[in-house]
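Me: I would like to learn how to read a predicted model feature by feature. Can we start with a single residue and work outwards?

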Amino acid sequence: MSLQSVRAFLKERAPEIDVLELEVSTATVAEAAAGHGVQPGQIAKTLSLRVGDRIVLVVAAGDARLDNRKIKTLLGGKPRMLDAAEVEAVTGHPVGGVCPFGLPAPLPVYCDQSLRAWDVVVPAAGSRNSAVRIAPERLAEIVDGLWVDVCQSAAP
């Protein structure tokens with residue numbers, strides 16, 4: 001059902017974007033980068049977090065690490081990663097296929113500045129072997145994402 005909800009979402013909000021399905025798993029950043037022939041940073045990972053009684057999604061570059069202090073400052077509480085069952089329950093997507101598209105109910109989506117280092121990023125598309133290629137600005141636009149700075153700065 002997850003892949004279908006993504007396809008329906010994209011058909012409505014971004015009909016120009018095609019879902020890519022590979023024969024191999026792209027569930028991890030490394031697998032996705034290898035499968036799509038891109039750098040790990042181009043993989044747009046979607047993290048499901050609970051902050052107090054709120055659940056939010058953070059989309060960040062695959063090689064970026066969350067900065068707990070920045071998240072706490074932005075959202076007013078300590079973030080906690082959801083477990084696999086919670087992730088699937090709130091996003092409709094399995095871990096490894098989580099994306100901000102085709103959600104069963106709206107969730108706040110925060111797009112980290114780390115995505116802007118790339119012209120094209122590759123987020124999952126609802127299954128462990130599907131993805132899309134999309135400009136970061138377009139991704140934020142179609143999911144009503146808010147640009148934030150919640151990851152650690154890359155080492156020089």
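Reply: Start with Gly96, which counts as buried because its relative accessibility is 18%. Buried means under 20% relative accessible area, exposed over 50%, and partly exposed in between, with a 1.4 Å probe and protein chains only. This is a predicted model: local features need pLDDT of at least 70, side-chain atom pairs count only at pLDDT 80 or more, and totals for chains, interfaces and linings use all residues. Residues are numbered from 1 along each chain as its sequence is written, and side-chain values use heavy atoms, with hydrogens and water left out.

Me: Where is Gly96 found, and what does Gly96 touch?

Reply: Gly96 is in the loop between α4 and β5. Helices (H or I, at least four residues) and strands (E, at least two) are DSSP runs, numbered from the N terminus. Contact means heavy atoms within 4.5 Å. Not counting residues up to four places away in sequence, Gly96 touches Thr26, Ala27, Ala124, Ser127 and Arg128. Gly96 and Ser2 are 94 residues apart in sequence, and their C-alpha atoms are 12 Å apart in space.

Me: How do I read the faces of a helix? Which residues of α3 are buried?

Reply: An α-helix has 3.6 residues a turn, so residues three or four places apart point the same way. In α3 (residues 68–75), Lys70, Ile71 and Leu75 are buried. Seen down the axis of α3, its buried residues fall within an arc of 110°, so they line one face of the helix. That arc is of the directions from the helix axis to the C-beta atoms. Arg69 and Thr73, on the other side of α3, are exposed. The cover over the buried residues of α3 includes β2 (43–51), β3 (54–61), β4 (79–81) and β5 (109–112).

Me: Lys70 is a lysine in helix α3. What does its side chain contact?

Reply: Lys70 has a relative accessible area of 17%, so Lys70 is buried. Its side chain makes a polar contact with the side chain of Asp149, at 3.1 Å. A polar contact is a pair of N or O atoms within 3.5 Å; within protein, one must be able to donate a hydrogen and the other to accept it, and residues adjacent in sequence count only if both atoms are side-chain atoms.

Me: What should I look for at the ends of helices α3 and α4?

Reply: Look at the start of α3: a side-chain oxygen of Asp67 reaches to within 3.0 Å of the backbone nitrogen of Arg69. Just after α3, Gly76 has a positive phi of about 75°. Now take α4 (residues 84–91). Asp83 caps its N-terminal end, with a side-chain oxygen 3.1 Å from the backbone nitrogen of Ala85. Gly92 follows α4, and its phi is positive, near 80°.

Me: How many disulfides does the structure hold?

Reply: A disulfide is a covalent bond between the sulfur atoms of two cysteines. The test is a pair of cysteine sulfur atoms within 2.5 Å. The structure holds zero disulfides. Cys111 is in none; the nearest cysteine sulfur, that of Cys151, is 11 Å away. Cys111 counts as buried because its relative accessibility is 0%. Cys151 counts as buried because its relative accessibility is 4%.

Me: What is Ala64 in contact with?

Reply: Leaving aside neighbours within four places in sequence, Ala64 is in contact with Lys45, Ser114 and Cys151. Ala64 sits in the loop between β3 and α3.
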